[in-house]
Amino acid sequence: MTLLYASSTKLLSFLLSSSSSSSSNKAKDNHHTISSDKGTVHIAINPHKDGSRASIKCLNPSMESRNSTISSSSSSSSSSSSSKRPRLSNFLKFSGASTSNNNNTKRRQRFNNPSVSSPSSTTATATFMNTTITGTVSDYLQQLPPELIQKLFIHLDVISIGRLAQTCRRLHMICNDDHGVWRTLFVKHFNSYFSTTTYHRHHHHHHHHQHHHQQQQIIPPLASLASSSSLSLSSWHNLYRNHYILERRWQRGQANVRYLTGHTDSVYCIVRYKKQYIVSGSRDHSVKLWDLDNYTCVASETHHEGSVLCLKIASDNEWMVSGSSDGTCVLWKLNTSSSGKINANKLQPLSRLRGHTNGVLDVCIVKNNYIVTASRDATVRVWDRYSAKELRRLEGHAGPVNALQSHGYYIVSASGDSKVKLWHAETGECLKTFDGHTRGLACARFDGMRIYSGGQDTVLRVWDAQTGQCSAVLEGHDQLVRTVDCCGDRAVTGSYDRTIKLWDSVSGQCLLSFQGGHDSWVFNVLLSKTQIISAGQDKRIMILDFGSDLNLIK
């Protein structure tokens, strides 16, 4: 059994010094210089002969090994900016504890010479909060309430906490307090999994009413967090362990690879439908619905006379819209039962939007009422969902508008004229123009704060939506950046160079680079907390599942 020699004052001093060191490291990270390939884990994907699965291999294991040392406390939304937590070995050296070999030597000395005192019986004097404590190490720990020890321990990484639990029975009980330690650690390190709500605080002071807006994190009961009804979460410790494993897989690029096949030509677009399904559109004119639980196609409809170039599903998951090279859009009703399962008549066309003089290249839905379309005719048009009538045009681009993304009433468009524009859907006003790309654009994403854009100049630019300034230029692709998606502080890109890259949006670092997954151009990518899904010219849809067999938050 490992013996803990440090007094509580030493523990507190060590953690405080580590905390200040961590802050200085974070400050340095804010000035991190973007590097195109340094620190990137390169992964080769080798499809199996059956065409449904593939194996992966890390091409630079030294980098994978280095990334695996990243602190377990790194969350999915801020793993790149979190500094390493102090390891137990450093703590034991600081506290004066011996290594295992020295401990064995001392045990042999005590056996041969009974006059040698035991570490647990060694007395010392320490001062804590103006109180002088004299006695053994266990005496020091007895003077501290469990709540204080827990607050100290949550500054350590989980490996150190696990080892500290082996030092004595009391620390074992404290470290294994599921609600006290592990719930706190989970909320601290994986807080992006919980939603945040704004509530109003009402103060009555001297007959004046004051309203204060504060942010409060919503933490649901443990039983409601399971990702599947067939799975159960026995403890916060298990929940933390599963998300810790998920983060390690992301750092190392370890994913379960599956392919969906069924289209007879290039797959241009994919979109998520609830948790279990995706919808795809293809050059073969069809729209297909896929079940990700069993990797099968459960519906296929053809109502366009040209390639299906874009798809978007409404926020209520009851309808969607598809755009085609035939210049029209089709509105579809998505039929599901109360349990979320697809009904027999799964994809039902409702109406068609006509007006563009060339192919519809992208589409988005604003507030579940307006449909916004972008076309090769260089216009962006706003339509009423119910009447299928055109309401207004957003004109200003000098080339084909290849990409759209909405957030609230705001719309971002990217064009072949190399410009990114920010619009207001109801007024039709162009609020900002983002100029920086040197060639035409192919993709854009907008999360409310950042705008991502990529195109023929092979770089991905990250823009501040408020200031209009370019905050990062991410270099790494050799050919056109065809598609981009984002989730938290991560972004994923697909290119005509046949690679898929995962980026840290804050530091600009390319974290993972996948090659060999597609035989030709990558047309579309989707990113979530557990998966990267891509579609390409090779007629296949590839799923990289990092959360396979893990019980995670819904």
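Helix H10 spans residues 236-252 in this predicted model. Its 17 residues reach 24 Å from first C-alpha to last, close to the 24 Å expected at 1.5 Å a residue. Among the buried residues of H10 are Trp 236, Tyr 240, Tyr 244 and Trp 250. After the helix comes Gly 253, with a positive phi near 75 degrees.

Trp 236 and Tyr 240 belong to a cluster linked by ring pairs, together with Trp 182, Phe 186 and Phe 190. Trp 250 meets a charge instead: Arg 490 lies over its face, 4.8 Å from the ring centre. Arg 258 sits over the face of Tyr 295 in turn, at 4.1 Å from the ring centre.

Now the sheet. It is open and mixed, with ten strands in the order E28-E29-E30-E31-E1-E2-E7-E34-E33-E32. Strands E28 (481-487) and E32 (522-527) stand at the edges with a single partner strand each, so one side of each has no neighbour in the sheet. On average, neighbouring strands are turned by 20 degrees against each other, direction ignored. E32 runs antiparallel to E33 (residues 531-536), joined by five bridges. Here Asn 524 stands opposite Ala 535 of E33.

The model has twelve aromatic pairs. Phe 514 and Phe 546 pair edge-to-face, 6.4 Å centre to centre with 65 degrees between the planes. Phe 514 lies in E31 and Phe 546 in the segment after E34, so the pair ties together parts 32 residues apart in sequence. Phe 514 is buried at 2% relative accessible area, and Phe 546 is buried at 0%. Trp 521 and Phe 523 also pair edge-to-face, at 6.5 Å and 80 degrees. Trp 521 is partly exposed at 34%, whereas Phe 523 is buried at 5%.

Definitions and conventions: Residues numbered from 1 in each chain as written. Predicted model: local features only at pLDDT ≥ 70, side-chain atom pairs only at ≥ 80, totals over all residues. Heavy atoms only, no water. Helix = DSSP H or I, 4+ residues; strand = E, 2+ residues; numbered from the N terminus. Expected span 1.5 Å × (residues − 1). Buried < 20%, exposed > 50% of the residue type's maximum accessible area, 1.4 Å probe, protein only. Pairing = 2+ DSSP bridges. Axes fitted to C-alpha atoms, helices over the stretch in contact; angles between N-to-C directions. Phe/Tyr/Trp six-rings, centres within 6.5 Å; stacked < 30°, edge-to-face > 60°. Lys NZ or Arg CZ within 6 Å of the ring centre and 35° of its normal.
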